[in-house]
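Student: I would like to learn how to read a protein model. Could we go through one together?

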Amino acid sequence: VTRRELTRWFAPYLVVQAIASEPGDPAALQMQRLMDWPMRFVPVVESGRFSRVVDKQALAEQIARIFIREQVSRAMSMSH
């Protein structure tokens, strides 16, 4: 499958339903967007442009790691 084919297949979703990744978005918000996505493969939009298509499970694992880092960082800052 080429990038061009993926872009064509997902074109109807890219504007309103793609998983948008904006700098500074909390991981919990990204995870909520992902859980609302109905298909196994997820088109990702970064800075308003189509970036790539990824496996939903793999993206969930990546976001979970970010969420854990955010929580640990928050806990560490509160303990000082």
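Student: What is the mean pLDDT of the protein?

Tutor: This is a predicted model, in which local features need pLDDT of at least 70, side-chain atom pairs count only at pLDDT 80 or more, and totals for chains, interfaces and linings use all residues. Residues are numbered from 1 along each chain as its sequence is written, and side-chain values use heavy atoms, with hydrogens and water left out. The term pLDDT is the predictor's confidence in each residue, from 0 to 100. Here the mean is 76, and 72% of the residues reach 70 or more. Confidence is lowest in helix α1 (residues 3-14), with a mean of 62, and highest in helix α3 (residues 56-79), with 86.

Student: How many helices and strands does the protein have?

Tutor: Helices (H or I, at least four residues) and strands (E, at least two) are DSSP runs, numbered from the N terminus. This protein has three helices and three strands, in the order α-β-α-β-β-α from the N terminus.

Student: How are two packed helices described?

Tutor: By the angle between their axes and the distance between the axes. Axes are lines fitted to C-alpha atoms, for helices over the stretch in contact, and angles run from 0 to 180 degrees between N-to-C directions. The axes of α2 and α3 come within 9 Å and cross at roughly 160°. Angles over 145 degrees count as roughly antiparallel, under 35 as roughly parallel, 65 to 115 as roughly perpendicular and the rest as oblique. The helices α2 and α3 are therefore roughly antiparallel to each other.

Student: Which residues of α2 make the contact?

Tutor: Contact means heavy atoms within 4.5 Å. On the α2 side they are Ala27, Ala28, Gln30, Met31, Leu34 and Met35. Those of α3 include Leu59, Ile63 and Phe67.

Student: Is Gln30 buried or exposed?

Tutor: Buried means under 20% relative accessible area, exposed over 50%, and partly exposed in between (1.4 Å probe, protein chains only). Gln30, in helix α2 (residues 27-35), counts as buried because its relative accessibility is 14%. Leaving aside neighbours within four places in sequence, Gln30 is in contact with Asp25 and Ile63.

Student: Where does Met39 lie?

Tutor: Met39 is in the loop between α2 and β2 (41-46). With a relative accessible area of 29%, Met39 is partly exposed.
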